[in-house]
Amino acid sequence: MRKRFHRLAVVESARVGEGTRVWAFAHVMKGARVGARCNLGEGVFVESGVVIGDDVTVKNGVALYDGVTVEDEAFLGPHAVFTNDLRPRSGRFKRPPAKLAPTRIGRGATIGANATVLCGHTIGPYALIAAGAVVTADVAPHALVAGVPARRIGFVCACGETLPRSLACGCGRRYRRAGAGVAPVPRRGARAE
Ligand SMILES: [Zn+2]
């Protein structure tokens, strides 16, 4: 596999993995780390301190600023918004980079279209943020959250389906409650995820 960058993309980082596609008008700054087989849509911006894992999809118009980390197989929907400063000021009261609040998007998590994730929070693995939600707190693994501010309205399977009360998905995966979220019950002979 090779990297496929549109001729109108600006990719200044040498740390972009094999098979990753970068569409037109996207900008990946020097120093940013992007894994293998990712898809960065049109107009995506990746600042120099951002780390993106493998097999990540970033749809059109998403900007990722320093402090944001995206784990493998996460999906960032079109025009989802991420911030990195809870008290942004300009001029005399502008904050130094050390004060930036980090945000982590867990493995396999989905951020819906036009959702906003305020900084300083962790989105658990395989969580699903509904379109237009505003996340103002940590989101538990496999949680389904919606609204402004985002509230948990259920749990989702790794496959994306909403889990019934039994926490057994039609795809065969089963879960148990674990802390604020759910955790997979390993299947015999299957890889945990
Ligand atoms: Zn499932």
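Strands here are DSSP runs of E at least two residues long, numbered from the N terminus, and two strands count as paired if DSSP finds at least two bridges between them. The model is a predicted one, so local features need pLDDT of at least 70 and side-chain atom pairs pLDDT 80 or more, while totals for chains, interfaces and linings use all residues. Residues are numbered from 1 along each chain as its sequence is written, and side-chain values use heavy atoms, with hydrogens and water left out.

Strands β22 (residues 174-178) and β23 (residues 181-185) run antiparallel over five bridges, with Y175 opposite P184 of β23.

Then there is an open sheet of nine strands with mixed pairing, in the order β1-β3-β6-β9-β12-β15-β18-β20-β21. Its edges are β1 (4-5) and β21 (151-155), each pairing on one side only. Further in, β15 (residues 110-111) and β18 (residues 128-129) pair in the parallel sense over two bridges, and I111 sits opposite I129 in β18.

Turning to charges, the structure holds four salt bridges (a Lys or Arg side-chain nitrogen within 4 Å of an Asp or Glu carboxyl oxygen). In one of them, D55 pairs with R37, the closest N and O atoms being 2.8 Å apart. That pair links distant parts of the chain, 18 residues apart: D55 in the loop between β8 (51-52) and β9 (57-58), R37 in the loop between β5 (33-34) and β6 (39-40). R104 bridges to E71 at 2.6 Å between the closest N and O atoms.

How values were computed: Helix = DSSP H or I, 4+ residues; strand = E, 2+ residues; numbered from the N terminus.
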